[in-house]
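These notebook entries record what I looked up, one topic at a time.

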2 protein chains.
Amino acid sequence: MSQAILAQALFANDAFYLAFNQGDMEAMESAWSQEQGILCLHPGWPLLTGRSAVLDSWREILSQPQTPIDLMEPTAHLAGNTVLVSCYEQLGATIMAASNLFVLENDQFRLFHHHAGPCANPPQRTRLASSPTNH
Amino acid sequence: MSQAILAQALFANDAFYLAFNQGDMEAMESAWSQEQGILCLHPGWPLLTGRSAVLDSWREILSQPQTPIDLMEPTAHLAGNTVLVSCYEQLGATIMAASNLFVLENDQFRLFHHHAGPCANPPQRTRLASSPTNH
């Protein structure tokens with residue numbers, strides 16, 4: 001039961017990054033909670049609160065060319081009846097650490113909070129086949 | 001009901017920063033969840049998982065002289081049956097943004113995850129009376 005819940009949250013986390021990588025604003029809107037007051041801390045931004053401010057920020061970001069995010073080491077952690085997914089985001093040569101908190105809405109996990117920022121000693125990419133280098 | 005829960009989480013958040021400012025490792029241990037696999041992302045550290053790694057990091061940090069953290073704009077947000085407290089941490093001239101996720105254990109909120117890092121456009125300190133400047 002618990003493992004299935006964690007897998008479901010990891011799937012929602014994948015969908016969030018897929019929406020980003022595909023520049024799909026409709027999928028991005030769907031990835032976030034519609035019933036609760038969401039929050040978002042982009043790297044280099046102040047804290048954004050509320051669905052309007054958070055989704056406006058994603059609309060602005062997705063309207064510009066983006067380096068795709070290569071998701072590394074996503075791990076799901078049950079916290080009460082929510083799931084926190086920790087992961088690293090590789091954007092070109094930069095690796096950020098992210099905390100993504102998911103809540104259940106109508107049996108689907110939706111993003112409640114995204115916090116990404118710089119980190120030290122990020123993991124080394126081991127799946128080189130899926131991560132071509134630019135040398 | 002909900003307001004009381006949010007106030008209770010803010011109190012637990014205050015206790016966490018008080019433990020830091022007083023270098024009180026016993027209070028720090030008490031601030032964190034004892035039943036769930038906790039996580040911590042200090043600024044400039046890799047992700048730490050598990051009570052042993054997280055509390056060892058705080059023991060190391062508290063064993064050294066620290067600039068006290070002046071807590072700014074703590075705000076509690078109900079997420080399922082957990083509470084996420086967003087806040088800013090002023091350490092001298094540096095201001096970090098932090099996300100602190102609390103879970104209920106025996107009717108007490110305990111920290112499940114702490115993620116702090118650099119932020120842009122931090123809030124301006126308005127309560128100058130409680131924040132003497134060093135000019």
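How much area do chain B and chain A bury between them? I noted about 2,200 Å², with 65% of it on carbon and sulfur atoms. Buried area here is the accessible area (1.4 Å probe) that two parts lose on being put together, summed over both.

Before going on, I recorded that this is a predicted model, in which local features need pLDDT of at least 70, side-chain atom pairs count only at pLDDT 80 or more, and totals for chains, interfaces and linings use all residues. Residues are numbered from 1 along each chain as its sequence is written, chains are lettered from A and ligands numbered from 1 in the order in which they are written, and side-chain values use heavy atoms, with hydrogens and water left out.

**Entry: the contact of the two chains.** I found 29 residues from chain B and 29 residues from chain A in the contact, where contact means heavy atoms within 4.5 Å. I then looked up salt bridges (a side-chain nitrogen of Lys or Arg within 4 Å of a carboxyl oxygen of Asp or Glu). The count between chain B and chain A is 0.

**Entry: the sheet of chain B.** Helices (H or I, at least four residues) and strands (E, at least two) are DSSP runs, numbered from the N terminus. Two strands pair if DSSP finds at least two bridges between them.

Entry: Strands β3 (residues 70-79) and β4 (residues 82-91) of chain B run antiparallel and are joined by 8 bridges. I listed two bridge partners: B:A76 has B:V85, and B:A79 has B:T82. The hairpin has 2 residues between the strands, and B:G80 takes a positive phi near 60°. In chain A, β3 (residues 70-79) and β4 (residues 82-91) pair in the antiparallel sense over 8 bridges. A:G80, in the turn of the chain A hairpin, has a positive phi of about 60°.

**Entry: aromatic pairs.** Rings of Phe, Tyr and Trp (its six-membered ring) pair if their centres lie within 6.5 Å; planes under 30 degrees apart count as stacked, over 60 as edge-to-face and the rest as tilted. Ring pairs link A:F16, A:Y17, A:F20, A:W32 and A:W58 into a cluster.

**Entry: burial.** Buried means under 20% relative accessible area, exposed over 50%, and partly exposed in between (1.4 Å probe, protein chains only). A:F16 and A:W58 are both buried. A:S57, in helix α3 of chain A, counts as buried at 2% relative accessibility.
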